[in-house]
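This report concerns aromatic contacts and a strand hairpin. Please consult the sequence and the structure shown here while reading.

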Amino acid sequence: QLRLQESGGGLVQAGDSLTLSCVASERSFTKHSMAWFRQAPGKEREFVAYISWSGAGTDYAAAVKDRFTISRDNAKSTMYLQMDSLKPEDTAVYYCAAETKLYEYDFWGPGTQVTVST
């Protein structure tokens, strides 16, 4: 069972930057494509960014493209989300997830809160 743990969330001002980390419990992390999702209060969980198992392929939601950068270090079993030019609408709980089948994510972290003030 792959366990995931996010960290790095916090309270920042609009325009600031923040980097989230997701550490996996097992080396099998390297076999999984990974993604970041977020859920704002009163809204459904939404896709943020994706990275292939090798790191060669990435994808972003339109709302964060050109502001967020996803990356991973397989040697450290860790994935990152560099968030720049943060906006109040980026406020949400951010989750990392491991893909087990195409477009299916069966392993999730507990989430980390990101709050962006005006």
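The following paragraphs describe a hairpin, then ring pairs, then charges over rings.

The model is predicted: local features require pLDDT of at least 70, side-chain atom pairs count only at pLDDT 80 or more, and totals for chains, interfaces and linings use all residues. Residues are numbered from 1 along each chain as its sequence is written, and side-chain values use heavy atoms, without hydrogens and water.

Helices (H or I, at least four residues) and strands (E, at least two) are DSSP runs numbered from the N terminus, and two strands pair if DSSP finds at least two bridges between them. Strand E9 (residues 92-101) pairs with strand E10 (residues 104-108) in the antiparallel sense over 4 bridges. The two form a hairpin with 2 residues between them, and Tyr103 in the turn has a positive phi of about 65 degrees. Lys101 stands opposite Glu104 in E10.

Rings of Phe, Tyr and Trp (its six-membered ring) pair if their centres lie within 6.5 Å; planes under 30 degrees apart count as stacked, over 60 as edge-to-face and the rest as tilted. The count comes to 4 aromatic pairs, including these:

| Pair | Centres | Planes | Type |
|---|---|---|---|
| Phe37 and Phe47 | 6.0 Å | 75 degrees | edge-to-face |
| Phe37 and Trp108 | 4.9 Å | 50 degrees | tilted |

The pair of Phe37 in strand E4 and Trp108 in strand E10 links parts of the chain 71 residues apart. Phe37, Phe47, Tyr105 and Trp108 form one aromatic cluster.

A charge sits over a ring if NZ of Lys or CZ of Arg is within 6 Å of the ring centre and within 35 degrees of the ring normal. The charged end of Arg45 lies over the ring of Trp108, 3.8 Å from its centre.
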